[in-house]
Amino acid sequence: MKTSIASESHIINNKEYTILGVTKSPGSFGICNTTIQRDREIKETFFIGHEALINIIQKSVNDKYSNKILHQISTIERCGDFSRRVALSCTDYFENNKNIQAALEPVLDYLKNGLYVIYENEMFPTDGGGSFFWSSYMMSHEFGGSSTFSSVCKLDYDVPPAFLVPTEGLSTFNDKSLNASIEKVKKDEEAVGLCFHLTGMFCALLSNHHDVAAALMLNKKVRCLVIEPIKYILSTNDFEHKKTSDEAENEKYIYTCCAKIPLSKISQPLLETFFITRTCETGKYTDSVIYNSEKSSHLKGKKTLPKGIIEKCDKLPDCEMLQSAAMISYLSEEEISALLQGETMLNDSYIINKNYYTSITIALSYLQYKNFSRFLEFAVDILKNEELSAVHQYVATRLQPIMNEKISIMFKEILESENPVYGPIKTLAEKYTKRYKAYTETPPEEKTSRAEAVPMKRNLENEINALEMAKRIQSSKVERNLN
């Protein structure tokens, strides 16, 4: 029986989304629930046929904002002719200008029954924290930005997927293929691909892995056609922001990472497909996928990647920057000045968040992504303000990998200062000063420029301590105002 596919298009915020309803499918491609110990974790697996490719594990069973563990356990090369089908679809869409349904037919015929949204999006070939996507998933570990819903933006803001997970094995990487892709991308001005949404800000890349690596080497964009399963319904009551006149009381939406689409705009047949299929996990391949998802990884060995690839990944945005940019459309000088004075409100409205520490981390991420020079000024001004010692540790840690003269001067002043508030960060200042000295003495051709989007590794213990200090600062302000 041939797979039945119904589709319709929607324009939301000037971007086109294609909604697809898939029924009567053999269901040999998609994500299924492979949880075994339901009281300990939730595990989903991206699969093609009997092959389990990527495990997605949520350790906190009841926390939809907790990040997940992603682990590549097999490769698309083991999935028969699926690679050929994906390559054909990619060529038909991007080069032959076929419409989405016609171009993706070789792939959609095998997609699990359900409702999907398909759209184009720019992707970054990293793991969301500065590591190359093709070398980040051989060991299972937690990835920032992988939670079901953004812990920064909650449900109010749409955070499109931006990071890639490989489906080809690193063993397939070779210089000959990379060089061929470099010549191709030079002519095309960008790399393209087809990917499947896994969770949060992560998609599984199904094609053109070498092209994506070439785009990184050439500082070109990566544009992908994303297939995203639709599994969630939200209402306006789930959002924290105040409802606008355009939003009806308790209006229902289907949730995608890029947009929330009102149920009232979806045709009845597609809604029926959604409600019938969204909780159904059984299929002819489910048992074998569950079995294969428990196996140890088929991936073996490591390859040395070109130095340029590793260095260039450091310059790409990380998950915190993109989440913050989704949450803040603009940060005015007046708002920045208020934050530098330790305030969270301006004109009776919260600038970013009622928690000062959170406001600073989001503001820094936003500025680092949108306006790097302003980010440097803001970070240095925070360190100069003695009353903002609650966030000094975070700022000093974030600045560590960035080699910049302004930062070096600031840390030298901190080392020379006798003010006790700088005691906790003097070790960081000393380490930075030594690294910067070595950096300035390194020949230009050997330098690794890291002065752009630098990933931040969170230190929860420091954050907790800083929050306590922030509370004390706030309390002292209140006491001063009362006196």
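**Loops, packing and space**

Author: Asn 14 is exposed, at a relative accessible area of 80%. Exposed means over 50% relative accessible area, buried under 20%, and partly exposed in between, with a 1.4 Å probe and protein chains only. This is a predicted model: local features need pLDDT of at least 70, side-chain atom pairs count only at pLDDT 80 or more, and totals for chains, interfaces and linings use all residues. Residues are numbered from 1 along each chain as its sequence is written, and side-chain values use heavy atoms, with hydrogens and water left out.

Reader: Where does Asn 14 lie?

Author: In the loop between strand S1 (4–12) and strand S2 (15–23). Strands (E, at least two residues) and helices (H or I, at least four) are DSSP runs, numbered from the N terminus.

Reader: What about the phi of Asn 14?

Author: Positive, about 65 degrees, though Asn 14 is not a glycine. Most residues other than glycine have a negative phi.

Reader: And Asn 219, what is its phi near?

Author: Near 60 degrees, again a positive value in a residue other than glycine. Asn 219 sits in the loop between helix H5 (209–217) and strand S12 (221–229). Asn 219 is exposed, with a relative accessible area of 61%.

Reader: Is Arg 40 buried or exposed?

Author: Exposed, at 53% relative accessible area. Arg 40 belongs to the loop between strand S3 (29–33) and strand S4 (42–48).

Reader: What is Arg 40 in contact with, beyond its sequence neighbours?

Author: Lys 59 and Val 61, leaving aside neighbours within four places in sequence. Contact means heavy atoms within 4.5 Å.

Reader: Zoom out. How many helices and strands?

Author: The protein chain has 16 helices and 17 strands. Buried residues make up 53% of its 483 residues. Of the contacts with a separation of 6 or more, 70% come from residues 24 or more positions apart.

Reader: Helix packing next. At what angle do H12 and H14 cross?

Author: Roughly 5 degrees, and the axes of H12 (residues 372–384) and H14 (residues 405–416) come within 10 Å. Axes are lines fitted to C-alpha atoms, for helices over the stretch in contact, and angles run from 0 to 180 degrees between N-to-C directions. H12 and H14 are therefore roughly parallel to each other. Angles under 35 degrees count as roughly parallel, over 145 as roughly antiparallel, 65 to 115 as roughly perpendicular and the rest as oblique.

Reader: Which residues meet there?

Author: Leu 376, Glu 377, Val 380, Leu 383 and Lys 384 in H12 meet Lys 406, Ile 407, Met 410, Phe 411, Glu 413 and Ile 414 in H14.

Reader: Last one. How many cavities of 30 Å³ or more?

Author: Five, from a search of the whole structure. A cavity is a set of points on a 1 Å grid over the protein atoms alone where a 1.4 Å probe fits but cannot get out, and lining residues have an atom within 4 Å of a point. The second largest cavity is lined by 13 residues, with Phe 149, Ser 150, Val 159, Gly 200 and Tyr 255 nearest its centre.

Conventions:
On a 1 Å grid over the protein atoms alone, a cavity is a set of points where a 1.4 Å probe fits but cannot get out, and a pocket is an open set with protein on both sides within 12 Å along at least five of seven lines; lining residues have an atom within 4 Å of a point. Grid points are joined across faces, edges and corners, and a volume is the space filled by probe spheres set on the points.
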